[in-house]
Amino acid sequence: MKSIKIMFAVCSFGALISACTQSNSSSQNDSSTPDSIEAVPQKAVLKDSDVNSVYSNYIDLKNALVSAKSSEAQTASAKLSDALLKIKGCETTSELAGKISASSDLKSQRSDFTVLSADIIALMKNSEIESGTLYVQYCPMANSGNGGSWLASNSEIRNPYFGDEMMNCGEVKEEFKKK
């Protein structure tokens, strides 16, 4: 029985090594890179599925604002609004997301994103993370010099308040990880 367990462990380990090698070689040989906002986004996973849905939709909204795509921001914020309604106490935050989805003006969307982000950051700060890291980033120049924070799924700065105008303006202020 012991020899069967050892043989199973060796075979499992070999399969794992083989899978990792294939994944690495295919990604190294792929000369095309995805046209994404966050390089190889590795979104954190939150234990509560409703909170995880909020996080995922929020990142989609943030990426739409980074890309200056007002219509995508409308779609993402509408989904975010619906996801927020599933969490008790997030009704007001859902209304903020709804306000963004009702506007096609990028400047207005970015302005409303500030208050929305503060609420979402507070929600995430008090949520249990299953894996990954959430990054709180901050740009002191956002909102006419009053500053603005946002969540990101990696540490690379991609500013949703200015997009291409000042893509890298900001810094990581805080990280939320599994406790």
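Modeller: Let's begin with α2, where Val51, Val54, Tyr55, Asn57, Tyr58, Ile59, Leu61, Lys62, Asn63, Ala64, Leu65 and Val66 are buried. Keep in mind that this is a predicted model.

Colleague: What do the buried residues of α2 pack against?

Modeller: Their partners are β1 (45-46), α3 (70-85), α4 (91-102), α5, β3 (133-139) and β4 (148-152).

Colleague: How many residues does α2 have, and what is its reach from first C-alpha to last?

Modeller: Helix α2 covers residues 49-66, so 18 residues, and spans 26 Å between its end C-alphas. That is close to the 26 Å expected at 1.5 Å a residue.

Colleague: And what happens at the start of α2?

Modeller: A side-chain oxygen of Asp48 comes to within 2.8 Å of the backbone nitrogen of Asp50 there.

Colleague: Which residue with positive phi follows α2?

Modeller: That's Ala68, with phi near 60 degrees, and Ala68 isn't a glycine. Ala68 belongs to the loop between α2 and α3. Its relative accessible area is 43%, so Ala68 counts as partly exposed.

Colleague: Where else is there a positive phi in a residue other than glycine?

Modeller: Ser144 has one, near 55 degrees. Ser144 sits in helix α6, residues 142-145.

Colleague: Is Ser144 buried or exposed?

Modeller: Ser144 is exposed, at 80% relative accessible area.

Colleague: OK, zooming out. How many helices and strands does the chain have?

Modeller: Six helices and five strands. Reading from the N terminus, the order is α-β-α-α-α-α-β-β-α-β-β.

Colleague: What share of the residues is buried?

Modeller: 39% of the 179 residues count as buried. The accessible surface of the chain is about 10400 Å², and 53% of that belongs to carbon and sulfur atoms.

Colleague: What about contacts between residues at least 24 apart?

Modeller: They make up 60% of the contacts between residues at least 6 apart in sequence.

Colleague: Switching to strands. How do β3 and β4 run?

Modeller: β3 and β4 run antiparallel, joined by five bridges. Tyr135 stands opposite Ala152 in β4. As for cover, four of the five residues of β4 are buried, so β4 is mostly covered.

Colleague: Now electrostatics. How many salt bridges are there in the whole structure?

Modeller: A search of the whole structure turns up seven. Among them is the pair Lys125 and Glu174, whose side chains meet at 3.5 Å, N to O. This pair links distant parts of the chain, with Lys125 in helix α5 (residues 106-125) and Glu174 in strand β5 (residues 171-177), 49 residues apart.

Colleague: How accessible are Lys125 and Glu174?

Modeller: Lys125 has 42% relative accessibility, so Lys125 counts as partly exposed. Glu174 is partly exposed as well, with a relative accessible area of 31%.

Colleague: Which residue forms a salt bridge with Arg158?

Modeller: Glu156 does, and the N to O distance is 2.5 Å. Glu156 is partly exposed, at 29% relative accessibility. Another one joins Glu171 to Lys173 at 3.5 Å, N to O. Glu171 also falls in the partly exposed class, with 39% relative accessibility.

Colleague: Which side chain makes a polar contact with the side chain of Gln109?

Modeller: That of Ser70, at 3.2 Å. Leaving aside residues up to four places away in sequence, Gln109 touches Leu65, Ser70, Ala73, Gln74, Ile100, Ser103 and Ser104. Leu65 is one of the buried residues of α2, so that brings us back to the helix we began with.

Colleague: Last one: where is Glu91 found?

Modeller: In helix α4. Glu91 is partly exposed, with a relative accessible area of 39%.

Notes: Residues are numbered from 1 along each chain as its sequence is written. This is a predicted model: local features need pLDDT of at least 70, side-chain atom pairs count only at pLDDT 80 or more; totals for chains, interfaces and linings use all residues. Side-chain values use heavy atoms; hydrogens and water are left out. A salt bridge is a side-chain nitrogen of Lys or Arg within 4 Å of a carboxyl oxygen of Asp or Glu. Helices (H or I, at least four residues) and strands (E, at least two) are DSSP runs, numbered from the N terminus. Buried means under 20% relative accessible area, exposed over 50%, partly exposed in between (1.4 Å probe, protein chains only). Contact means heavy atoms within 4.5 Å. Accessible areas come from the Shrake-Rupley method with a 1.4 Å probe; for residues, only the protein chains shown count as cover. The expected span of a helix is 1.5 Å times one less than its number of residues. A polar contact is a pair of N or O atoms within 3.5 Å; within protein, one must be able to donate a hydrogen and the other to accept it, and residues adjacent in sequence count only if both atoms are side-chain atoms. Two strands pair if DSSP finds at least two bridges between them.
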